[in-house]
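Please look over the two-chain model shown below.

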Amino acid sequence: MTIETNNLKYSYDTGDDALKGVTLGFEPGSFIAVLGHNGSGKSTFAKLLNALLEPGGGTVYVDGMTTSDPNSILPIRQRVGMVFQNPDNQLVASIVEDDVAFGPENLGVPPLEIRKRVEEALANVRMTAYAEHAPHLLSGGQKQRVAIAGILACLPKCVILDEPTAMLDPKGRDEVLTTIHEMNRKFGITVILITHHMREAVDSDRVIVFSDGLVVADGTPREIFSTKLEVLQKAGIDPPETVKLLQSLRAKGLHVTADALTVDECASAIAILAIANNSYQISNIRDGGLDGGAVRDFGEPVLSCKKLRYTYSVGTPFEFEALAGVDFELPKGIFAGIIGQTGSGKSTFIQHLNGLLKPNAGTILLNGEDLHRDKVSSLAAKYKVGLVFQYPEYQLFEETVYKDIAFGPKNMNLSAEEIDIRVREAASFAGLTDDLLDKSPFALSGGQKRRVAIAGVIAMRPEVLILDEPSAGLDPIGRRDLLSNLREYHKSTGSTVLLVSHSMDEIAETAERIYVFNEGKIEISGSPSEVFANAERLRAIGLDIPEVTQIALKLRSLGLSVPANIYTIDDAVREILRLC
Amino acid sequence: MLKNITLGQFFPGNSVLHRLDPRSKLIITLAYIVALFLCVNFYGYALIAACAAACLIAGRLKPRLIFNGLKPLVFVIAITAFLNLFYAQSGTVLFHWWKLTITDTGIYNALTMLTRIILLICGTMLMTYTTSPLSLTDALEALLKPLNRIRFPVHELAMMMSIALRFIPTLIEETDKIMTAQKARGADFETGSIFKRAKALLPLLVPLFVSAFRRADELAIAMDARCYNGGTGRTRMKQLRYTTLDAKAFALSAALFAVVVVLRFI
């Protein structure tokens, strides 16, 4: 089966040219990763391939049919399936097996045959045990696998996945990626995976890079990540950490290969270089490793908790202990990070810090005083500890950006002048320009909406700003800009920032202190180098460790003397230079 | 957590009532309601009450469930019965004050109305307790199919109902999230006058509607991608099938219905 596009163009009603002439062909059975910043046209391209959109110019050929022919639409959609980003908004039925049956039912497949296909599809995504469950009780990764089963039951020849892991935690992401790769290998289904995660692109046969409605690079991951780095940078794409490390080493004059993509390849390349330079020292592996460097001196804790416990739905069959005795101290003025799997209790925990949830047992001290002392103090805590939830853009409701940011300060009964000062200040911290303030928040892009929501909390001038997954679902540029805005905010206000994230890389990049949650408790805490020294423990509780740390660990297992707890590229380069 | 609420009033089980085809249950419930309004005397009501009690046992449901189901309606039932007391103009006057008259017919009417309403609610509860909302939707679609001929959008209606059922828990969860988030910005949903509280709901309702529309939009695209093309040519994995159990239930119901009609003339 073949899919080809010829000079494909598409413009939205708003007049934006989403695609400006794309000519591509796809090898049957291959695994293709599509990269590109938000608005680069990659999602539009995907929707054109299975006739969800009609070309504004050019043609899409699927098995000799064209998507512009109304009679071909159903056969094309049967052959080219599509899985979307939000797992909740693509499941139709209230029972898993009914949902998987939806596609074949639409195609008029006989009932017994549907039953057979549903069972096979569920087995292939390892969800047979959940056939009679309700989708809303499944985890994100499970929902996405059900969505994939729903497509497999239509017996497609090609599956397009539009950022299927963007809303998932590392565990869900692994589950889904394994499923996608199996589907490609076992059934020879062509996979077109749209993604922002370089790790996912590295494992593909071919990488296609979109930028501003055009294909700017197309080749194997090795070619793209070693020879097209400038193009990637222009297209707003971050190369994998391994490539960044090798590039930095080359910049320092080391003759190391540039195209090692996986952690293992990268470590081998460095080891080979070390051998060549006769510095292979099997005997004296250093145990401790990198010292934390000069640790900043922090003052009194702004927030501290003792033996915090919280149980949901006490006395019902759904009773669930989310917090099982948390001891926590957050130094004033720090930029700290919380990391943990979904269900580890971190979201429940942060809702305790501003008094939204009241613990079943234990105390929370804000500036040394009990947060739940009386009504006034627990109300005040909401303004002193600002909380930005996951996907905060879904809370926007006002007519203008200005009014939405002003919602919090208004609830604090501040004067109009004071509100005006705070709104403008918060907007600028969040990276919003003045001309956006009078616009409707619903007319902004996804990334801008999120900034408005964050500004809405900053405008209350909280002493502690807590953000739950602030960069989830953003593209690499959006993520980088947002994090640098947050660092800037932290530096210039001196207030305390607590960042909750699934992404070890993100935490490693920003946090001065890390708290690792597992099963309702803080399992490890300390400076990044202290925490990453527990790599094995982190892996055991289902957390990623930064790629640079993985490389360091690999080098150690190869017998090279590098510290185990390196987590930044700069440290890695320094340590490797010392070796070679 | 809000997402753990039970949807509708369905209690899963494997009793005779649970195993009946939902179409049978719908038809028999309709017949039950018609029979209820055909009754004119004590014997009819007694028979119907006996049937309801028998079904309760057959469905292995606790009588407490019926009381729980009636509880929220006590006020409505009481008002209806009370008003009926004064409607009747005929019969022996038992009580008279100002413009209010109670006659023995009035008392009789009130009691009849009370019995009817209670039995009516019992019957429909028996159905909803033993039939999942989803299979009820399927049954409705199957039974209303003939209306397709007069261009009544039966399939679309059933699809809308089942999607609504699918998204209720999702939207409840979302409501919970938005409320928490707005509370973190100092929103107050609990205190103040009615007017103030209604206004305080805006930060909750606007995002909720926006999100519902966004979900609808994305779901429509996902359904398109999965070859949805309306009801024509569509098959179903789970076919509704009448069994001998349904035949028995129909026969029994028909016989009882006939008895109720005969009892009218005693």
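## The sheet of chain A

In chain A, 6 strands make up an open sheet with mixed pairing, and their order is S16-S17-S18-S13-S19-S20; strands and helices here are DSSP runs numbered from the N terminus, with at least two residues (E) for a strand and at least four (H or I) for a helix, and two strands pair if DSSP finds at least two bridges between them. Strand S16 (385–388) and strand S20 (521–526) of chain A each have a single partner strand and stand at the edges, so one side of each is left without a neighbour in the sheet. On average, and with direction ignored, neighbouring strands of this sheet are turned by 20 degrees against each other, where the axes are lines fitted to C-alpha atoms, for helices over the stretch in contact, and angles between N-to-C directions run from 0 to 180 degrees.

The model is a predicted one, in which local features need pLDDT of at least 70 and side-chain atom pairs count only at pLDDT 80 or more, while totals for chains, interfaces and linings use all residues. Residues are numbered from 1 along each chain as its sequence is written, and chains are lettered from A and ligands numbered from 1 in the order in which they are written.

## Strand S17 and its partners

S16(A) and S17(A) pair in the parallel sense over 4 bridges, and A:Val385 has A:Val464 as its bridge partner in S17(A). Strand S17 (residues 464–468) of chain A also pairs in the parallel sense with strand S18 (residues 496–501) of chain A, over 5 bridges; the bridge partner of A:Leu467 in S18(A) is A:Leu499, and that of A:Asp468 is A:Val500.

From S17(A) the chain crosses through helix H17 (residues 476–493) of chain A to S18(A) in a β-α-β crossover that is right-handed, meaning that, with the strands pointing away from the viewer, the path from the first strand over the helix to the second runs clockwise. S17(A) is mostly covered, with 5 of its 5 residues buried; a residue is buried if 20 or more other C-beta atoms, placed from the backbone, lie within 10 Å of its own, exposed if 12 or fewer do, and partly exposed in between. The cover extends to both faces of S17(A), with A:Val464, A:Ile466 and A:Asp468 buried on one side and A:Leu465 and A:Leu467 buried on the other.

After H1(A) comes A:Ala51, with a positive phi near 65 degrees.

A:Arg126, in the loop between helix H4 (111–124) and helix H5 (140–152) of chain A, is not a glycine, yet its phi is positive at about 55 degrees; with 15 other C-beta atoms within 10 Å, A:Arg126 is partly exposed. A:Tyr391 lies in the loop between S16 and helix H14 (401–411) of chain A, has a positive phi near 45 degrees, and counts as partly exposed with 19 C-beta neighbours inside 10 Å.

## B:Ser24 in chain B

B:Ser24 belongs to helix H2 (residues 22–38) of chain B and counts as buried, with 20 C-beta neighbours inside 10 Å. Leaving aside residues up to four places away in sequence, B:Ser24 touches B:Tyr242, B:Asp246, B:Ala249 and B:Phe250, a contact being a pair of residues whose C-beta atoms, placed from the backbone, lie within 7 Å. B:Ser24 and B:Phe86 are 62 residues apart in sequence, and their C-alpha atoms are 39 Å apart in space.

## Contact between the chains

In the contact between the chains, 44 residues of chain B meet 52 residues of chain A. Helix H8 (154–184) and helix H10 (202–225) of chain B are the elements that give two or more residues to the side of chain B that touches chain A, and H10(B) gives the most, with 14 residues.

## Confidence

The model scores ipTM 0.88 and pTM 0.87. For chain B the mean pLDDT, the predictor's confidence in each residue from 0 to 100, is 87, and 97% of its residues reach 70 or more. Over residues 1–7 of chain B the pLDDT is below 50, although this stretch has 16 contacts in the model beyond near neighbours in sequence. Where pLDDT is low, the predicted coordinates should not be read in detail.

Key
Two residues are in contact if their C-beta atoms, placed from the backbone, lie within 7 Å.
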